[in-house]
Amino acid sequence: MMLPKNDIKHVYFFGNHEAEGNVTMKNLLGGKGANLAEMDRFGIPVPPGFTITTDICKIYNKIGGKNTIKVIIDEIEEAVNRVEGVMGSKFGDVNNPLLLSARSGARVSMPGMMDTVLNLGLNDATVEGLAKKSKNERFAWDSYRRFIQMYGGVVMGMKPEAKEDHDPFEVILDKIKDDRGVDDDTKLTADDLREVVQGFKDIIIKRKGMPFPEDPWDQLRGVILAIFDSWNTDRAIYYRRMNDIPEDWGTAVNVQGMVYGNMGDNSATGVAFTRDAATGENLFNGEYLLNAQGEDVVAGVRTPRQITKTGSQRWAVLAGVPEEERVSDFPSLEEVMPEVYQQLYVLQNKLEDHYREMQDLEFTIQEGRLWILQTRSGKRTGAAMVRIAMEMLDAGIITEQEALLRIEPNKLDELLHPIFKPEAILEAHVIAKGLPASPGAATGQVVFFADDAVAHAEQGKRVILVRTETSPEDLAGMNNAQGILTARGGMTSHAAVVARGMGKCCVSGAGKIRIDYHEKTLSSNGDTFREGDWISINGTTGEVYEGKIDTIKPKVSGHFATLMQVADAHSRMYIKANADTPHDAQVARDFGAKGIGLCRTEHMFFEGEKIIAMREMILAKDATGRKDALAKLLPIQRKDFEELFAVMHDLPVTVRLLDPPLHEFVPQDEEGQKEMAEVMNVDLEVIRNKVESLSETNPMLGHRGCRLGNTYPEITEMQTRAILEAALNLKKRGIRAVPEIMIPLTGIVTEMKLQEIIVRKVANKIFEEYGDTLEYKVGTMIEIPRAVIAADRIAKSAEFFSFGTNDLTQMTFGYSRDDAAKFIPIYLEKGLLHHDPFEVLDQEGVGELMKVAIKKGRKTRPNMPIGICGEHGGEPSSVEFCNLIGTDYASCSPYRVPIARVAAAQGEVKRLIAKEEAERIKREKALQIRKKFQIKN
Ligand code: PEP
Ligand code: MG
């Protein structure tokens, strides 16, 4: 086995303001490691430590544990030495032991997905040393039992054996608490904890057949490798897929000197945000626990208190706690430790100013001394993301470009998420109240386990996942649920943080509810709900309701509206919508669509009498019969267009002529065919034969698109008439319609030419009949690879192009749109594809074709408008790509219009930044050449 060369640095020390790394080294040191180094550099008190690089994680996956340790052990020993120097204690020393923490840390934060081990270095001897040194025996034994518990879980795989089981260590702990008659583990004595430790060790031997390792160096080696392993756990892999994080990044490991928040009542631990992660309000906030370690806050086992007095008072109002009780039982850190609070307040300002971004920080107070354990850019809801970016812009902290790049376009979807109908909420029955952990409204059927949530969601059910508390194992269940309700845990509990990250509605810490996992029941105030019962939760207020409650979509205003203005000011492209009804058109217009880029006329034919006339047309034996049926369709379709054009007055509406194969308009089942025969007053046999004759082996490649209009020109004639007569009728009423007629599925030049001739002929006839004219365009979709190649000639007939990337993807890959779901998930799993090309535009293949079509089209018609109207038109990375290759607009579903507007702006901002960078490099090179050859001027 070839070992990697050992002259490369794999371990980076930080501490005493002598950090070897810095914030630019995230790829190598992970986000957490790079930030620790950076904080150390600019004077933030971080416990000293070292980061083992992400390269080692990659190496470990190739050469295994033993060899990996050989590569890094010398550097680790040296770094531990330096940590010992700063902390004034020694790793493994029985009198003055240095204890360590070890945490994962990938390039981007994956909260809770990988492992952490605290109190590393404790054993039967050092625990006594720690007890003496801290003069606190109870604290030492509590730390020891926590260490065995974490080490057991992370390194030795001590987990519950069945999903209904509890953590094996918690079972032992709970039993001793029961025996002693206490309900809180802080009430256990040192002797009780000795017994707990013995119980933990016994169960490890019983289950694993090997003892808990006493040698601190064995412990350290075991933990480092286990953290690298945790990169490959199911939950981490799931999280990476969900967030598009590449598998090959790997994680770094951060090892640090331990500081303790559980050294008595002058010690504490907490999590803080420089701004409110749920609403974005510029208000320092967070939670802490006295005499506790970090995981107690996030695990949701004890309900934490608020850091600031304002936060505490707000919490008390929500929790129904009177001020007197709040002050005595739940005081804020600001009230309990005013001096440390002041330091923390100053430091959080310093951190936010330094990073110019909302920070999420973890701190520990050890016997009155404040340590910052980590800082990172804080996860936030969509609403908070917009508000923070806009307020930082307003305060001059960041530029418009930076503000735009701070937006995750897909997260805007949350702001467009439903809220409960105000009138429905008045009548709703509140069954419980918790914390408003992640905003939004959700209605669903109760489930208690993550796997049940996934299974029910797969059957199309809407579920609310109800848990005492959640853990990273519940991730898939949370993702598949409409919302999450937990009985325990605060605003920074796992459930709250993860739900906010996902944009899922969540109510946490609804303390009055009782959950029985075995019986699968949820009870609250005398009401009992079983699995499958409906409840509703409001993540904005923390209320939990009985039954289903109707929801409505919110309006775009305030910070969101400002963001849209900023986005438009930086965009080169504009955004239109795919809409076929006046309602959808209105939604699109309200969201800022600059027109309709695709009206699929076939969608207009499905309701009531329209489908009857359509079927008459399909059943017609010849052109005359078809014309008769189409004559019935004409007024109906004209009326539809009048309504649509009226909503979209003064903005262009691109109407696509009939596209799908005709069999889609006739029933395929016997029942439906009988009904159709009755309505049309013909024999069932006639219908059967027609359906039979329309059936195609490959309908997606069959008699559809402009092949319909070219074989049955009367369809094109009728639709053209309906469109232009509607526009002229509106003109009479003083409403300006801007119609564009789009020919679908063009592949050969003559197809387009013939359609254009038909359209223009009908148009001229109508203008004559009306004694009036109007401007209109005729263009085509580019959705067949052959059309790309012929684009220069097609552009002679087509005044505009719109990429139908759904069909273009289908035909470029040769993947049937109807059947690809059978194999694409497997391709994704095996890494043969990185994305489903029907969701994310395939830039290397389909994208290259688009470039060719643009070049050729504009060669013939230099200023021709070119857009995209396939599903990719609302997908941010695809919109950015379209901006780069020079399309003029993207058209997407109405609710994605704001997302596409931001994506278009981001694409342009990034393009300009890249251009400037390229120019800078060019200038620099030129300067170097001048210097080298001593050229003057
Ligand atoms: C397309 O093919 O991308 C398109 C917009 O048309 P449709 O999805 O209706 O085939
Ligand atoms: Mg198409």
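The protein chain has 937 residues and a radius of gyration of 33 Å. A compact globule with 937 residues would come out near 30 Å, so the value for this chain agrees with that expectation. Keep in mind that this is a predicted model. Along the principal axes, the C-alpha atoms of the protein chain occupy a box of roughly 100 × 90 × 55 Å.

Next, the secondary structure. The protein chain holds 35 helices and 33 strands. Contacts show how the chain is put together. Take those in the protein chain with a separation of 6 or more: 69% of them join residues 24 or more positions apart.

Now the inside and the surface. Of the 937 residues in the protein chain, 56% are buried. Buried here means under 20% relative accessible area. The accessible surface of the protein chain is about 40300 Å². Carbon and sulfur atoms supply 50% of that surface. As for charge, the protein chain carries 118 positive and 138 negative charges.

Turn to the metal site. Which residues coordinate the magnesium ion (ligand 2)? They are Glu783, through OE, and Asp807, through OD, at 2.1 to 2.2 Å. Glu783 sits in the loop between β30 (777-782) and α29 (785-789), while Asp807 belongs to helix α31 (residues 805-813). The two are 24 residues apart in sequence, so the pair ties together a loop and a helix from separate parts of the chain. Are these two residues buried or exposed? Glu783 has a relative accessible area of 2%, so it counts as buried. Asp807 is buried too, with a relative accessible area of 3%.

Finally, look at the backbone in two loops. Asn16 is not a glycine, yet its phi is positive, near 60°. Find Asn16 in the loop between β1 (11-14) and α1 (26-41). Its relative accessible area is 48%, so Asn16 is partly exposed. Leu745 also has a positive phi, about 60°, and is not a glycine either. Leu745 lies in the loop between β29 (738-743) and α28 (749-770). How does the setting of Leu745 look, buried or exposed? Leu745 is buried, with a relative accessible area of 0%.

Definitions and conventions
Residues numbered from 1 in each chain as written. Chains lettered and ligands numbered in written order. Predicted model: local features only at pLDDT ≥ 70, side-chain atom pairs only at ≥ 80, totals over all residues. Heavy atoms only, no water. Helix = DSSP H or I, 4+ residues; strand = E, 2+ residues; numbered from the N terminus. Rg over C-alpha atoms; globule rule 2.2 N^0.38 Å. Buried < 20%, exposed > 50% of the residue type's maximum accessible area, 1.4 Å probe, protein only. Contact = heavy atoms within 4.5 Å. Areas by Shrake-Rupley, 256 points an atom, 1.4 Å probe, with all protein chains shown as cover. Lys, Arg positive; Asp, Glu negative; His and termini not counted. Charge placed at Lys NZ, Arg CZ, Asp CG, Glu CD. Donors = N, O, S within 2.8 Å, 3.2 Å for Na, K, Ca; no water.
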